[in-house]
Amino acid sequence: MNRIDQLFQNKPKDILNVYCTAGYPSLNDTVAIVEALQQSGADMVELGMPFSDPLADGPVIQESSTRAIKNGMRISVLFEQLKGLRSKVSIPLVLMGYMNPVMQFGVENFLQKCAETGVDGLILPDLPMDEYESQYKPLFEKYGLHNIFLVTPETNEARIRRIDGVSNGFVYAVSSSSTTGKDKDMSHQEAYFQRLKAMNLRNPVLIGFGIKDSKTFREACRHSNGAIIGSAFVKAIENSANLQATVKEFVAGIKS
Amino acid sequence: MDIAVNTSQSKYHVNKKGYYGEFGGAYIPEMLYPNVEELQQQYMQIISDPSFRQEFEQLLKDYVGRPSPLYFAKRLSEKYKAKIYLKREDLNHTGAHKVNNTIGQILLAKRLGKKRIIAETGAGQHGVATATVCALMGLECVVYMGSVDIQRQAPNVARMKMLGATVIPATSGSKTLKDATNEAIRDWINNPVDTHYIIGSVVGPHPYPDMVARFQSVISEEIRQQLVEKTGKPDPDYVMACVGGGSNAAGAFFHFTDAENVKLVAVEAAGQGVNSGYSAATSQLGRPGIIHASKTLLMQTDDGQIVEPHSISAGLDYPGVGPMHANLYATGRALFLNATDDESLAAGYELSLLEGIIPALESAHALAKLKDLPLKPEDVVVVCLSGRGDKDLETYIKHLK
């Protein structure tokens, strides 16, 4: 069974998924951060594959991406880093990134490497659902990889149903109409979260964008199976002198 | 004028799914889906509507000053030994072809009930054209512009501000057009309901490439009519235009794509030379990929990071090319040439001295390749003079020998 499905089966509530950019703050920090996240009690990790032009992301993640690229991060390097990962890390790992680098790497080649290194799912925000269904879905299935699509407050019910039907693992509910790291007030999103909950989707739902501390994490968990934290974590580790300790402190702070 | 002409039979125009051959599409994050979907569903219906067409044509006539003249350039023709006509988009209100598109899109935005307009700009021409129509219609206007471009196009920044627009510097990446476009797209993600994004070129997710090309298609529509008056037939032997994203070229080529006897010549910016590492000649240096939500040719590293282009002309300083042009290149329908910074400066001076017309540096790239075409005396050549050179005076003067 895919590790993501296993996780939700064992723990349907309060899932903490932490995002960090691969190759950041230093090129070879990637695996150490994933390990530290697991040890600190994170339930899942979303690793960002840096891209020069990340349209859905705000300044914090864009800057971390720029720095990671300067550090020498690229998809082939990431797969090298992930090679021994599964002997140390058992929590689910999702890769997030934009289509262009994946296309240049070769989609099937990419999916095969994901399967080999123990990646469980993918978030490719600029992959159109139609193209996924018509071209890539059988490949994702062949390599046992879940593909996770986003819904937003502006997504209508029919489309949410379609997205839920095509997604595996979980549905990524963007908390507000924004890029990552924006401080939009989540309290206005109550109706949207209720609407999602009432739809009784076949997939679990994780809420992301704007989750930054224990208050927003708890708020998100009240409406869903858990939440994804990105920009706040990237900021926290930016100048860390002791990654292990910083990660531990950060996760403890969220769960407090 | 027929901006809503049915092009579904043409292999050079967009198909029902939003593709030109293998290029195009809409590679957008879900946050943009409702906006883009709304445009996809409605743009043809809106621009086909007689009241829209009437308002568009009236504004182009009375406000922009169309039709723009098709001028027989006698001394230039003598020099290059062919019959050279200049399509004078430089004489439009605001000084370039960009306003054709912004007039169309602001009318569309009004019909969609949008209250706020955002735009990206490189040279500042599209920013000025957007600020202009926003002032005309009383809508809020925010223009994103690379901080490098803000420095090299100061007069246009001042114009936008005088027209009431807010100019926000894009400080990420190469700080030029590509990054301004990223910032505009992010703004749209953050303001999905009340905002319309007026893209200035034939780039971005479907339907933008086709929509912008249609608003610019008045250029080739007029060329055909004017050539009948001047030469007795609507088709020239050559149509030449510069290509950054490619909006003036898309407009100049639009009604000629299926007349295969007309040679289409697209001129890209070679910068300091195609292989110098400082170039924006996308067809020569690019590979298929995704930039700004469109599958097209783009300049990128082997691992798919988009690279920083270079051109002396801010309007051509873009690492991609519209999907229509990628398809014209891939099918061999258009001839893709490129002009260096120096060749373009020289062509700008040449036109100034031979014809008394100071061209925009962008347009000078097209003129620079007249010398490389195997022209015969009876050949009719139309060069799209996309804009005037006032904004580039400082650059021209700096390079005056």
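Which strands of chain A do the buried residues of helix 1 pack against? Start there, keeping in mind that this is a predicted model, where local features need pLDDT of at least 70, side-chain atom pairs count only at pLDDT 80 or more, and totals for chains, interfaces and linings use all residues. Residues are numbered from 1 along each chain as its sequence is written, chains are lettered from A and ligands numbered from 1 in the order in which they are written, and side-chain values use heavy atoms, with hydrogens and water left out.

**Stop 1: helix 1 of chain A**

Select residues 3–10 of chain A; the buried residues of this helix are Ile4(A), Leu7(A) and Phe8(A). Viewed down the axis of helix 1 of chain A, they fall within an arc of 90°, so they line one face. The arc is taken from the directions from the helix axis to the C-beta atoms. Buried means under 20% relative accessible area and exposed over 50%, with partly exposed in between (1.4 Å probe, protein chains only). Helices (H or I, at least four residues) and strands (E, at least two) are DSSP runs, numbered from the N terminus.

Now show strand 1 (15–21), strand 2 (44–48), strand 3 (93–96), strand 4 (121–123), strand 5 (146–147) and strand 8 (205–208) of chain A: the buried residues of helix 1 pack against these, contact being heavy atoms within 4.5 Å. On the face turned away from the buried side, select the exposed Gln9(A) and Asn10(A). At the start of the helix, a side-chain oxygen of Asn2(A) comes within 2.8 Å of the backbone nitrogen of Ile4(A).

**Stop 2: two cysteines in chain B**

Select Cys134(B) and Cys141(B); their sulfurs are 3.8 Å apart, too far for a bond. A disulfide requires cysteine sulfur atoms within 2.5 Å, and the whole structure has zero. Cys134(B) is buried at 1% relative accessible area, and Cys141(B) is buried at 4%.

**Stop 3: the largest pocket**

Next select Asp130(A), Lys16(B), Lys17(B), Gln40(B) and His206(B), the closest to the centre of the largest pocket among its 42 lining residues. A pocket is an open set of points on a 1 Å grid over the protein atoms alone, with protein on both sides within 12 Å along at least five of seven lines; lining residues have an atom within 4 Å of a point. The pocket's volume is about 1000 Å³, counted as the space filled by probe spheres set on the points, which are joined across faces, edges and corners. Helix 1 of chain B gives the largest share of the lining, seven residues.

Terms used
A polar contact is a pair of N or O atoms within 3.5 Å; within protein, one must be able to donate a hydrogen and the other to accept it, and residues adjacent in sequence count only if both atoms are side-chain atoms. On a 1 Å grid over the protein atoms alone, a cavity is a set of points where a 1.4 Å probe fits but cannot get out, and a pocket is an open set with protein on both sides within 12 Å along at least five of seven lines; lining residues have an atom within 4 Å of a point.
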